Amino acid sequence: MARLVTVAVGIFVFFALVLSLFIEDSNTVLLVLLLIVLAFSLFIYAVYRGADRMQKELKTLNKYLSNIEKVDKIHYKARFFTKEFEDINENLIKILKASKKREDVKQRYNAKLKLKNRQRGDMISAIAHEFRNPIASIMGYAQTLEEDKEIPQALQEKFLGKIYNNGTKIEALLSRLVLWNKFESGEATLHPTSFDMLTLIEEVKTSLEDKYPTRHIEVRGESYSVEADRTLLDIVLKNLIENALKYSKEEIIVSIEEGKVSVEDKGSGISSSDLGKVTKKFYRSGTHTWDNSMGLGLSIVKSILTLHGSKLEIESEENKGSVFFFKL
């Protein structure tokens, strides 16, 4: 603007000198000079207005560029003084959209990474917790057998049985961890066969009654043929029935009716705040560990049923009991 005014003043002085030399009438010279001053003033004002608009537009564009990671609102419908600025604005909008999209992806990735790290920490803590007791028992019984050579034969056999049982428990924990890892990595696959669901329930009942000889499991229902992975459904039934046995002192009722399998207990029940969480990975209630194997049992049940196109449903009331059921 300073340069423009300087040029305008120079041209005005030049015309004033020319007019004063060639026109003798001073009134005419003055009128012409006034008209020239008015024309230059209007021209300079128009240029000033245009420059002012362009300066504002440049500030807007510069603000976007200097805060490209922080800009939340983009003036998509901004009207620009020149076509070039409109093109720059359109290209800048594309850059900002791409930048925000990358930022959203980055935030989601970071959130997922934090969740994975937290789950890994929970898993390590759960593994340490669950393995500590059986390992301590094995070491204790083994140390006693090693240090005391005069232990009676009957007591030796009892201690060896304890060592074997705790070793079996560790093997079961490891098997469950491996199975969960397969589901987590997407490697688990179905091997469906046709079998009678009632027969499988009876087999699981017999197996668990051997493990819990003082408990009774009642089975209700009729034969029902399904096309499913028998091994995985065996795991589902064992998890659900064993949970019921652990948290209820009364009999457990397992029923099958038109493809709906339910496991009912009269135990302590699950609070409404815990009900939606018990099937989550590594979840451990503050009052109950609904699964004694690293908080994975019900999560595995949920994953197995999902593979079969089904889902685990839970109805529970505190101090009255729970019903876990699914349909095939």
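**Exercise 1.** Determine which residues of α1 are buried and how they are arranged about the helix axis.

Step 1. Ala 8, Ala 16 and Leu 19 are buried in α1 (buried: under 20% relative accessible area; exposed: over 50%; 1.4 Å probe, protein chains only). The model is predicted: local features need pLDDT of at least 70, side-chain atom pairs count only at pLDDT 80 or more, and totals for chains, interfaces and linings use all residues. Residues are numbered from 1 along each chain as its sequence is written, and side-chain values use heavy atoms, without hydrogens and water.

Step 2. Viewed down the axis of α1, the buried residues lie within an arc of 75 degrees, so they line one face of the helix (arc of the directions from the helix axis to the C-beta atoms).

Step 3. Turned away from this buried side is a face with exposed residues, among them Arg 3, Phe 14 and Phe 22.

**Exercise 2.** Give the strand order of the open sheet and identify its edges.

Step 1. The order of the 5 strands is β2-β4-β5-β7-β6, with mixed pairing (strands: DSSP runs of E, at least two residues; pairing: at least two DSSP bridges).

Step 2. β2 (217–221) and β6 (313–317) are the edges; each has a single partner strand, so one side of each lacks a neighbour in the sheet.

Step 3. β2 pairs with β4 (residues 252–257) in the parallel sense over 5 bridges. Within β4, Val 254 is the bridge partner of Val 219.

Terms used: Helix = DSSP H or I, 4+ residues; strand = E, 2+ residues; numbered from the N terminus.
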